[in-house]
Amino acid sequence: MSQPCISLSGLSVAYGSFVLMRDISMQVNKQDIFIIMGGSGCGKSTLLRVLMGLKEPALGTVHYGDVNFWASPPEQRQAVMRRAGVLFQSGALWSSMTLAENVGLPLQQYTSLSAQQIREQASLKLAMAGLAGFEDYYPSEISGGMRKRAGLARALALDPEIVFLDEPSAGLDPLSARLLDDLILELRDTLSTTFVIVTHELASIFAIGNNSIFLDAESRTALAHGNPRALLEAADTKPLVRRFLLRGEEK
Amino acid sequence: MRQRRNKRKIALRNAGWLYILAPMELHTQPLVRCIVEGNTLTVLVGGSWAMGKAEPPEAQQASEALQHNAPTVLRLSASPDLAAWDTSLLAFLVRLVKQAQSKAVQVESDALPQGLRRLLALTLAVPAKAGSAKNADDASLLASLGKSIRSIPQSCYDVLDFIGALARAFARLLVGKSTMRRQDLWQAMYECGVSALPIIALTNVLFGLILAFVGAVQLMQFGAQVYVAGLVGIGMLRVMGAVMVGVVMAGRVGAAYAALIGTMQVNEEVDALATFGFSAVEFLVLPRVLALMLMVPLLTIYADLMGIIGGFLVGVTMLGLSPAEYINATISMVPYKHGLIGLAYATVFGIIIGVAGCYQGIRCGRSAAAVGLATTAAVVQSIVWIIIATAIITIICNILRI
């Protein structure tokens, strides 16, 4: 068993007086491809926002290694987040910059690389995401799927230890989605990157996920933990989870 | 469809018109029949149902029968003359079933055609989630007044928090630790400075012209039209040039900043900055506020000049002053300190426009409507605060006797 990378315990998240989820505990290990899944409106993206430091939980703790994330000062939270990369649902590329500048900005701010090296790194990351040659395009000039891949390139800019992906394959054609899955596996194996992925793309969940949490909108808590394939086989998996994993078809 | 029906009509007509008329009439309107037998209410639907056709009066009767006769079983059935139907029939049936369910009446729908039965089951499959319907807000005058008063402390805190973050970002810039990108500052300066020159020229020439006309009406009466030069010069330099630039820039640039940053908020671009540990205030707000702080005074100097040109045009063409006379009068009657005071106004206006525009953008919600609201608020607040600041600075100058 590898060491835990992120661990949550007793986490509750609320918007004002509305409690979105309560008592969530989970553990993401190093080199995991951790899937956050569940029906729409169950708080998958919100849980990701808590992990990314954008939404403070009402109760409970998030530990990155030994660091108690939400109890530490903003500077330290930033230092933790600097080891992480994020792909937002819609890409969230900075619209006033070209793709190369988007990928290069974190490098420019956090490394002492020369302009030429930054450009080279940016081209490399874009090529890894399948966007070679698109360095000087603006986000508005490329398609939605390409924006998503450019967002992934930006998430990978600083060679992060942890990458958060919010619905990476939504809106991608099956082949691109497959390429993305392959890229994720490749990065996990070569650079030992840990992935936390919000998705309900079943093909991806089974192809790459080796650990998961299932959130339920009804009971507002986690119904299952563990490897998605094992969950499907296990006898004690809750019916709701099994139905989700089988697209509603009972075996 | 109509064509086909017409064809059928024609074909039938050839077969003998008396025979066809009665059934055709039946099929064009929705029909409902209610039958009460003991504890069972049977509702028969028939005819042809289409959206836009009025429900038959019997539909209302069915609902009333369910209400008053207190049956224990509601049997839904289709009469053989049920021809075409669409979701309007489904809506009617769902309404009946829901009404029955609320009164714990048992519903039998086996006699409906299969398609209709399946759709009905599908519609009723997922019950409305408890608590998911929104409670209507109390919209009375007192309630909304109370709500807006209760939100004052929070919004004061938000504004102060924002200004504090901006001041800290500025301090970091002064000690050279800022992450602000220089090209962002240049870009913002170009956008709010150079591109605004034509509109500033137009508005201020006209404004100088207006000032000169208004002054001339009084001054002409005792032959003192040369004082128009002083009136226009002092008026423009001391305050009006800065106010005109402020108002134009609030509409031109303040709104643009609010919309730009607001849209970045909608697209999660601001969140993306935060996850990289970049401060949105340093990255987005500081360059824009700085640009306005620098460019509004510069534009004001230009605006002053344009205003004086406007006055000059009136003085020379309408009031019978010679060009040299007008220029000399301007130079001798307008001390330079008015220009400096005007620059002080302009700097403050620049900061106000930048802060209002960027603040509204940063706290913008995540929808297109929110961007619209943010833009409106940015312009309105800029202009209101420009006028308030003008009053305050004027009073201060008065107390200091400058």
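How much area is buried between chain B and chain A, and what percentage of it do carbon and sulfur atoms give? The legends below take this up, beginning with the interface.

**View 1. Where chain B meets chain A.** About 1900 Å² is buried between the two chains, and carbon and sulfur atoms give 57% of that area. Buried area here is the accessible area (1.4 Å probe) that two parts lose on being put together, summed over both. On the chain B side, B:Arg181, B:Thr275 and B:Phe276 lose the most area to chain A, together 35% of what that side buries. The contact (heavy atoms within 4.5 Å) takes 23 residues from chain A and 17 residues from chain B.

This is a predicted model, in which local features need pLDDT of at least 70 and side-chain atom pairs count only at pLDDT 80 or more, while totals for chains, interfaces and linings use all residues. Residues are numbered from 1 along each chain as its sequence is written, chains are lettered from A in the order in which they are written, and side-chain values use heavy atoms, with hydrogens and water left out.

**View 2. A salt bridge between the chains.** Look for A:Arg49 and B:Asp271, whose side chains meet in a salt bridge at 2.9 Å, N to O. The term stands for a side-chain nitrogen of Lys or Arg within 4 Å of a carboxyl oxygen of Asp or Glu. The count between chain B and chain A is 1 salt bridge. Helix α11 of chain B (residues 269-275) supplies 6 residues, the largest share of the side of chain B that touches chain A. Helices are DSSP runs (H or I, at least four residues), numbered from the N terminus.

**View 3. B:Arg238 in helix α10 of chain B.** Helix α10 spans residues 227-266. What does the side chain of B:Arg238 make a polar contact with? The partner is the side chain of B:His338, at 3.2 Å. A polar contact is a pair of N or O atoms within 3.5 Å; within protein, one must be able to donate a hydrogen and the other to accept it, and residues adjacent in sequence count only if both atoms are side-chain atoms. The backbone oxygen of B:Ile402 lies 2.8 Å from a polar atom of the B:Arg238 side chain.

**View 4. B:Val371 in helix α15 of chain B.** Helix α15 covers residues 368-400. B:Val371 is buried, with a relative accessible area of 13%. Not counting residues up to four places away in sequence, B:Val371 touches B:Ala259, B:Gly262, B:Thr263, B:Val266 and B:Cys364.

Methods: Helix = DSSP H or I, 4+ residues; strand = E, 2+ residues; numbered from the N terminus. Buried < 20%, exposed > 50% of the residue type's maximum accessible area, 1.4 Å probe, protein only.
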